[in-house]
Amino acid sequence: MVFKIDSEFDGRGTAYCDITGFLSCHKWALKQAERYGSKWSKRWAQEPTTIKIYSELPEIIYNHLKIVNKTLFPSVDKFLVAFTKSGGVIEACPPSDDVTCITVDMFIAPTGEVEIKNTGDQIRATEFQTWALSSPQTSISPDRVHQNSISVANACYERGIVGYISVGYATFINPLTEDQALWALDLKVSYTDTMAMANVLQYVSGGHFETATGLFKNPRV
């Protein structure tokens, strides 16, 4: 489980906790899911398990929450105060130890036309902080990245957002289906550092990002 404070950026307001590792009712919850089978998606089937998990969460979070930036938030108390004051999101962690994060930079024109400007595999300074990009991304099919990113950009345009945006993804192999999953995790509505780096790369190399293929074409090579 990952906690992100709305008013922070670049992983500064991030904390995480391995809930299942400390959840005493975890095995029981799995048996409940197996017991109900296809009916497990029903709210009434999950309710007893949800109540049990909720009863354990406060103590687990308080005792085992790991803060990424302890300079800003030296204690769990200070982090939770900032989280409840500014608001934030709580995300599930991908169910895999091998996760690659991807950044996609786009431009939404006032007419609604969307252009993917750059993609890249994130090079991490820490587990939750990006140091640089390896462009273009090679972790998953460019077609999937293109389709998902266009959908995100169209949703932004419908909400009155135009200009530069950046979407962060995580991709991994789902252990249950063995398919490659692609989760959208982050959205920045601004001209980002990664977009600036992409423009520098194009200027220095004379190349360009090709949306149709997901490749970076350099005429000098």
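This briefing describes aromatic pairs and salt bridges in one structure. The model is predicted, so local features need pLDDT of at least 70 and side-chain atom pairs count only at pLDDT 80 or more, while totals for chains, interfaces and linings use all residues. Residues are numbered from 1 along each chain as its sequence is written, and side-chain values use heavy atoms, with hydrogens and water left out.

**Aromatic rings**

- There are eight aromatic pairs, a pair being two rings of Phe, Tyr or Trp (its six-membered ring) with centres within 6.5 Å, where planes under 30 degrees apart count as stacked, over 60 as edge-to-face and the rest as tilted.
- Among them, tyrosine 36 and tryptophan 44 are edge-to-face, because their ring centres lie 5.8 Å apart and their planes stand at 80°.
- Phenylalanine 172 and tryptophan 183 are also edge-to-face, with centres 5.0 Å apart and planes at 90°.
- Phenylalanine 172 is buried at 2% relative accessibility, whereas tryptophan 183 is partly exposed at 30% (buried is under 20% relative accessible area, exposed over 50%, partly exposed in between, with a 1.4 Å probe and protein chains only).
- One aromatic cluster is formed by Phe3, Phe73, Phe79 and Phe83.

**Salt bridges**

- The whole structure holds five salt bridges, each a side-chain nitrogen of Lys or Arg within 4 Å of a carboxyl oxygen of Asp or Glu.
- One of them joins glutamate 8 to arginine 12, with the closest N and O atoms 2.8 Å apart; glutamate 8 is partly exposed at 22%, and arginine 12 is partly exposed at 27%.
- Another joins lysine 117 to glutamate 115 at 3.3 Å, N to O, where lysine 117 is partly exposed at 24% and glutamate 115 is partly exposed at 39%.
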